Amino acid sequence: MAYPDDLLSEQEHVVVHSHPHFKMLIFPTLAFLVTLGAGSWLAILAKDAGSPWNTVGLIAIAVVALVLIVWLFLAPLVRWRTTHFIVTTDRLIAREGVLKRTGIDIPMGRINSVQFEHGLLDRVFGCGTLIIESASDEPLRFEDIPHVEKVHTVIYREVNDNPYDDYRPGTQQQTTPLPPQGGGHPPRGERRR
């Protein structure tokens with residue numbers, strides 16, 4: 001799902017739009033599978049009960065399984081789907097929540113530093129934590145960002161807006177050497193032998 005263009009300013013473009021890494025859905029998926037397995041096993045046992053109790057047992061098992069699936073699987077799935085991390089040409093946007101929606105916008109000019117960290121498990125999954133230090137008191141931590149190193153680089157480039165380090169995928173990078181500063185030696189390849 002793309003970020004709505006009508007919420008962007010006139011010359012603003014989305015550079016990165018992602019949800020948290022799917023890693024946060026591993027335990028909810030396991031809970032879903034365990035609930036289905038246990039519910040099926042208990043339903044088979046309940047069928048062997050006496051006449052009025054087998055129906056009561058099946059209804060109780062179905063209600064408990066439904067509550068567990070909604071609480072342990074569907075709620076985290078909806079929370080994952082409604083959490084957005086967006087980097088535009090002008091700002092960094094974070095939105096999350098279903099019933100109570102929260103969000104933060106940080107203008108690129110206010111970002112002081114960008115850091116990332118990822119442990120061994122995060123590196124296996126290809127995600128990590130992005131730490132943004134801005135004009136606010138505390139650094140902001142964004143957990144489970146997919147391809148955190150690439151996002152880190154994109155934000156750094158958007159913040160610094162240096163024309164010499166702009167990266168455009170699919171094009172060959174041509175660099176022109178800067179002129180020597182302060183009358184030093186000529187570049188290594190241009191020295192006389």
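Predicted model: local features only at pLDDT ≥ 70, side-chain atom pairs only at ≥ 80, totals over all residues.
Visitor: In helix α2, how does the reach from the first C-alpha to the last stand against the expected value, and where is the kink centred?
Guide: Helix α2 has 31 residues, and its C-alpha atoms reach 44 Å from first to last, which is close to the 45 Å expected at 1.5 Å a residue.

Visitor: Is I61 buried or exposed, and what is its relative accessible area?
Guide: I61 lies in helix α2, which covers residues 51-81. Because buried means under 20% relative accessible area, I61 counts as buried, with a value of 19%.

Visitor: Against which helix do the buried residues of α2 pack?
Guide: The buried residues of α2 are N54, G57, I61, A65, I69, F73, P76 and W80. An α-helix has 3.6 residues a turn, so residues three or four places apart point the same way. Leaving aside neighbours within four places in sequence, I61 is in contact with G39, L42, A43 and A46. The helix against which the buried residues of α2 pack is α1 (26-47).

Visitor: How far apart in space are I61 and A43, C-alpha to C-alpha?
Guide: A43 is among the contacts of I61 beyond its neighbours within four places in sequence. The two residues are 18 apart in sequence, while their C-alpha atoms are separated in space by 6.9 Å.

Visitor: Which strands stand at the edges of the open sheet?
Guide: Three strands form this open sheet in the order β5-β6-β7, with antiparallel pairing. Each edge strand has a single partner, so one side of it is left without a neighbour in the sheet, and the strands concerned are β5 (113-117) and β7 (140-146).

Visitor: Which residue in β6 stands opposite Q115?
Guide: β5 pairs with strand β6, residues 127-133, in the antiparallel sense over five bridges. Within β6, the residue opposite Q115 is I131.

Visitor: Which helix packs on the sheet, and what angle does its direction make with that of β6?
Guide: The helix is α4, residues 148-160, which touches β5, β6 and β7. Its direction makes with that of β6 an angle of about 25 degrees.

Visitor: Why does D122 count as buried, and with which residues is it in contact?
Guide: D122 lies in helix α3, residues 120-125. Its relative accessibility is 13%, and D122 therefore counts as buried. Leaving aside neighbours within four places in sequence, its contacts are K23, C127, G128 and D144.

Terms used: Residues numbered from 1 in each chain as written. Heavy atoms only, no water. Helix = DSSP H or I, 4+ residues; strand = E, 2+ residues; numbered from the N terminus. Buried < 20%, exposed > 50% of the residue type's maximum accessible area, 1.4 Å probe, protein only. Contact = heavy atoms within 4.5 Å. Pairing = 2+ DSSP bridges. Axes fitted to C-alpha atoms, helices over the stretch in contact; angles between N-to-C directions. Expected span 1.5 Å × (residues − 1).
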